[in-house]
Amino acid sequence: MSRLAILAAALAVQPLVSPDVLEPSVQNEVDHALSLAPSNAFECVSFPTNCAAFCHAATNGLSATDIAIKLVSSQKPDGRWMDGTNDCTAAAVKILQSL
């Protein structure tokens, strides 16, 4: 069997996954993180400008999957996202909901 045929067979067997489409396991983690977030964070339409750096750091050139993993793993035990002393929960919730 030629190398090209082997490569074609390997590609046919393994589906190509886009990092901008959340896999079910990652989506499940995002949903869980959102369920742990304080309910008043969902009501916030805007968030403090001091969270702009947090948002930029969380999304700067990353795929949707990488953003989700980064934010979910940085959630505090109380369900909030903090950047120093700034509560950036509303910003994190907004980002996760957009994924």
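This is a predicted model: local features need pLDDT of at least 70, side-chain atom pairs count only at pLDDT 80 or more; totals for chains, interfaces and linings use all residues.
Figure 1. When neighbours within four places in sequence are set aside, the residues in contact with Leu36 are Gln75, Asp78 and Gly79. Lys76 is 40 residues away from Leu36 along the chain, and the two C-alpha atoms are separated by 9.6 Å.

**Figure 2. The largest nonpolar core.** This core contains 22 residues, and those that touch the most other members are Leu22, Val30, Phe54, Leu71, Trp81 and Leu96. Two or more residues are contributed by each of helix H2 (24–36), helix H4 (52–59), helix H5 (64–73) and helix H6 (89–98). In soluble globular proteins, nonpolar side chains tend to be buried together. For the protein as a whole, 30% of the 99 residues count as buried.

**Figure 3. The surroundings of Leu71.** Leu71 is one of the core residues that touch the most other members. Beyond its neighbours within four places in sequence, Leu71 is in contact with Phe54, Ala58, Trp81, Ala92, Ile95 and Leu96. Phe54, Trp81 and Leu96 are, like Leu71, listed among the core members with the most contacts to other members.

Figure 4. Helix H6 is mostly covered, with seven of its 10 residues buried. A polar atom of the Thr89 side chain lies 3.0 Å from the backbone nitrogen of Trp81. Trp81 also belongs to the largest nonpolar core, where it is among the residues that touch the most other members.

**Figure 5. The salt bridge between Asp87 and Arg80.** The structure holds one salt bridge. Its partners are the side chains of Asp87 and Arg80, with an N to O distance of 2.7 Å. Side chains of opposite charge can pair when their charged atoms come close. Asp87 is partly exposed at 30% relative accessibility, and Arg80 is also partly exposed, with a relative accessible area of 24%.

Figure 6. Ser63 lies in the loop between H4 and H5, and at 13% relative accessibility Ser63 counts as buried. Apart from neighbours within four places in sequence, Ser63 is in contact with Pro19 and Asp20. Asp66 is placed in helix H5 and is partly exposed, with a relative accessible area of 39%. Asp20, a contact partner of Ser63, is 46 residues from Asp66 in sequence, and the C-alpha atoms of Asp66 and Asp20 are 8.6 Å apart in space.

**Figure 7. The whole chain, as context for the close-up views.** The protein comprises six helices and two strands, which follow the pattern α-α-α-α-α-β-β-α along the sequence. Among contacts with a separation of 6 or more, 72% join residues 24 or more positions apart. The accessible surface comes to about 6,500 Å², and carbon and sulfur atoms account for 60% of it. The average pLDDT of the protein is 80, and 74% of the residues score at least 70.

Notes:
Residues are numbered from 1 along each chain as its sequence is written. Side-chain values use heavy atoms; hydrogens and water are left out. A nonpolar core is a set of buried Ala, Val, Leu, Ile, Met, Phe, Trp, Tyr and Cys residues joined through side-chain atoms within 4.5 Å. Buried means under 20% relative accessible area, exposed over 50%, partly exposed in between (1.4 Å probe, protein chains only). Helices (H or I, at least four residues) and strands (E, at least two) are DSSP runs, numbered from the N terminus. Contact means heavy atoms within 4.5 Å. A polar contact is a pair of N or O atoms within 3.5 Å; within protein, one must be able to donate a hydrogen and the other to accept it, and residues adjacent in sequence count only if both atoms are side-chain atoms. Accessible areas come from the Shrake-Rupley method with a 1.4 Å probe; for residues, only the protein chains shown count as cover. A salt bridge is a side-chain nitrogen of Lys or Arg within 4 Å of a carboxyl oxygen of Asp or Glu. pLDDT is the predictor's confidence in each residue, from 0 to 100.
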